[in-house]
Every structure is written in structure tokens, then in C-alpha cells.
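Welcome, and please load the model in your viewer. We will go from stop to stop, selecting a few residues each time and looking at what is there.

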Amino acid sequence: MLGFLLARKGVEVIVLEKHKDFLRDFRGDTIHPSTLELMYELGLLEAFLRQPHQEVRQVEVHFGTEKATIADFSHLPTHCKFIAFMPQWDFLNFISTHARHCASFRLRMEAEVTDLLFENERIVGVRATTPQGELEVRADLVVGADGRSSTVRERADLEVMDLGAPIDVLWFGLSRRPGDPEQAFGYVGAGQFMVLLDRGDHWQCGYVIRKGGFEQKRQRGLEELRADVSRCAPFLQDRVAELKDWNAVRLLTVKVDRLRRWYRDGLLCIGDSAHAMSPVGGVGINLAIQDAVATANILGEKLREGRVELNNLRAVQHRRERPAHLTQRAQIFIHEHFLERVFKANEQMSSPLPARLLEEFPLLRRIPARMIGIGFRPEHVLSAKT
Ligand SMILES: Cc1cc2nc3c(=O)[nH]c(=O)nc-3n(C[C@H](O)[C@H](O)[C@H](O)COP(=O)(O)OP(=O)(O)OC[C@H]3O[C@@H](n4cnc5c(N)ncnc54)[C@H](O)[C@@H]3O)c2cc1C
């Protein structure tokens, strides 16, 4: 996204992606109203909405037979009053196709950054491995947007503050069948929590476990996992047999951390590389995109003129760290006060008071809708295309 926004401003950009395509399924599928608003600002909304996607206007959580609507996006001050569910490979293919229309944009797939190039104390580029051999790219600025296991931030020796995440996620697909619920749901069972993302022909299931609990789950056997899933979301009972072996179940490790300083001379980290997000609330993609927009707004001109200084990089962190910190705090609150309670429950938990209030008073649902759909300090595409 940052590559696209900078190339629109005439900045020479090369994006290095380690995989040969974007077909990864570890990132969630949510395109938030604020991101859809950016699509509108970029003149791409209509084309975007022609891509296959599902529109979710309300978020519901099931507590056994009780249901609570916890967010309602229909009153947001944005053009799209829904979350679009679109697999991230489709989203990234869409963005990169449009970015390629800019003469100064280059995307190099299968180029894995392994190290940084230094001149004195300044970072002046990266070293990457490609199927054709080693590649060196020199640049006025290196941006680490390489996610929660960022090589760039590690090589730059930036200090990471681990905020702790008590959960991991088991990630697997189950078929979607006629008569299934229409929208994406959270399901709370006895000691269990699971999220379902609608991917058209199947449900992408995120079954939340305690951090480090995967080995124990495996030892209990697949039949137990199938039974757990059936208890948590009973409508899946008729298809849990699709989980034929453990190869169908991936462990996704959740991290919540942040860098004390997002930059050093010649380098900036954004997105999960600067502040790894928990899946709670499904907001990490939105934050990463908002970081990209702020970075393009603050650094675009400077990069075009080839003079980015430390205080410009500091300005990006200054603009974006508060929204990231506030969101992480909210996620940690939910880990500690909701998920802990769920894990400890020996029997079906009834809907907690906040969820009952949201169900009872629809006006209140606008608050979580705003936090999820727009977030703290939404960014806007400032300048027109060059
Ligand atoms: C289980 C789980 C579910 C989630 N679900 C959601 C959700 O539904 N909605 C939501 O908003 N957020 C969700 N999140 C959070 C979200 O995934 C992240 O916050 C978001 O993807 C961060 O975006 P990013 O661009 O910073 O990093 P990423 O999306 O991780 O992208 C990093 C990119 O860099 C590439 N890369 C990595 N290393 C290198 C290298 N050395 N060289 C070259 N390329 C490299 C990767 O291949 C990848 O394409 C979830 C997180 C987890 C763990």
C-alpha cells in the first residue's frame, strides 16, 4: 500500500516480497470502512467493490443459544458502512495491479530481505535472496513492512517491547453449506472461543487456544478437537470430519509487541513490524494501512526530493504510535478480561454484561463499530496523483 501511495507521488519505489504470490492465509480478511474510504479517496472504490467479497454490517457473538450484536457499522460517517471480507491475496493483487500503472513502481516477488546495508551508521539499502541469486538494493529509505516476525527490525537492532499475548490461534477451513449463518460470527463455548470468517465456499476458522497449548491439544487427539469445534459452533458438527489430519490445522502464533523507536537513520518500520497486533477485534490490517497512508503523507515530498531526515521519520512515529498503543491496550484488556474468563469457564458462559447492554441498546453499538471500523486517528490520502 505504501509502495502504491509513494509511486503515485512519483517516488521511485521497489517492493520486495519474499513469497512468489500473495496466497498466504495467515492475516485475516477484513477490509475496514476506513480502508474502503481510502479506496474512495484514491478513486478505486467502484473497481474494488466489483471484486468478490462479503459485506458485514454487524458483528454478532454467540454465547451458546444467546446472541449479542456487539457492533453496528451502519451509522459510520464513511461511504461504506460495512466491513468487506476479502481474502488478503485478492486485496494485495488488486492494490499491486493498480500500483503497476505507476511508472515509478516495481514489485519484485520471491525476493527475501536477509540483511541491511550500512554505510557508517546509516542504513543505505537491503540484501535479498532471489531464485536468480543475491540482490542488493540501495535506497534513500528502507521501510520495514515485513510483519510480526520482521527481519528488518531485527537486523536494524531496534528495541522490541514484548507486551505479552496469552493466546495462539488454530487456523483451519471447513466447508460452508446452504442454511449456514449469513455473516461472520464469534462463538463462545464452555472454555472456548472461535471466530469464523466467511470465504464464500468455506469458513476460515480461528479457534483460540492458550499460548503454548498446541502440543497439549495435539496429544488429546484430532477427535477431541473436532468435538470441541462442534460444541463451540454446533452448526459445524456435520462437517468437522473434514479435518482429516493435523496438516489441516495450522498454528498461528500471536504476538503483541512494539518498537520503542520505529526508525533509525535510513530506515523506518511500520505495521506489525513496528507494533505487532493481536487478531482481537480484527484491526491489525487497518492499522498497518493507516501507517502506510501517514508515511506517504509525511514523507512523500521529501522522498521525491531525496532528502529524508531523522526528524521526518520521528514525525511518522509521533503521528501513528498513539493509535497503535491505544488499540493494543484495548486488545490486551480483552485478552485479560474476556478471553481469560472464557478459558476458565467450565460450563457455557452466558452473555456478559457489556454484551447484554450492547444487545439491549442499539445506539451503544456505534462505539465498538467506530473503534473497529475506523479506529483511532483515521488517515486520509492527502495529495493528488502526480
Ligand atoms: C491469527 C491471526 C488472525 C488475524 N486476523 C486479522 C483480521 O481478521 N483482521 C485484521 O485486521 N487483522 C488480523 N490480524 C492482524 C493482522 O494480520 C496484522 O496486524 C497485519 O497483517 C499487519 O500487516 P503488515 O502489512 O504489517 O504485515 P503482514 O500482513 O504480515 O505482511 C508482511 C509481508 O512481508 C512479507 N515478508 C516478511 N518477511 C519478509 C522478508 N524478509 N523479505 C521480504 N518480504 C517479507 C510477508 O510475506 C508479507 O507479505 C490477525 C493476526 C493473526 C495472528
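## First stop: a loop residue

Select E110, which you will find in the loop between β7 and β8 (112-119). Helices (H or I, at least four residues) and strands (E, at least two) are DSSP runs, numbered from the N terminus. This is a predicted model, in which local features need pLDDT of at least 70 and side-chain atom pairs count only at pLDDT 80 or more, while totals for chains, interfaces and linings use all residues. Residues are numbered from 1 along each chain as its sequence is written, and side-chain values use heavy atoms, with hydrogens and water left out.

Check the backbone of E110: its phi is near 55 degrees, a positive value in a residue other than glycine. Most residues other than glycine have a negative phi. E110 counts as partly exposed because its relative accessibility is 33%; buried means under 20% relative accessible area, exposed over 50%, and partly exposed in between (1.4 Å probe, protein chains only).

Now jump to R377, in the segment after α11 (366-373). R377 also is not a glycine and has a positive phi, of about 50 degrees. With 40% relative accessibility, R377 counts as partly exposed.

## Around helix α4

Next, select residues 88-99, helix α4. How far apart are its end C-alpha atoms? They are 16 Å apart, which agrees with the 16 Å that 12 residues should span at 1.5 Å a residue; the expected span is 1.5 Å times one less than the number of residues.

Colour Q88, W89, F91, F94, I95, S96, H98 and A99, which are the buried residues of α4. Their cover includes α1 (2-8), β2 (30-31), α2 (33-41), α3 (45-49), β7 (105-108) and α8 (284-304).

Then look at the loops on either side. P87 sits in the loop between β6 (83-85) and α4. Is P87 buried or exposed? P87 is buried, because its relative accessible area is 15%. Leaving aside residues up to four places away in sequence, P87 touches D29 and R199, where contact means heavy atoms within 4.5 Å.

A103 lies in the loop between α4 and β7 and counts as exposed, at 85% relative accessibility.

## Helix α8 and its partners

Show α2 and α8 together. Their axes come within 9 Å and cross at roughly 35 degrees; axes are lines fitted to C-alpha atoms, for helices over the stretch in contact, and angles run from 0 to 180 degrees between N-to-C directions. S34, T35 and L38 of α2 make the contact with N286, I289, Q290 and V293 of α8.
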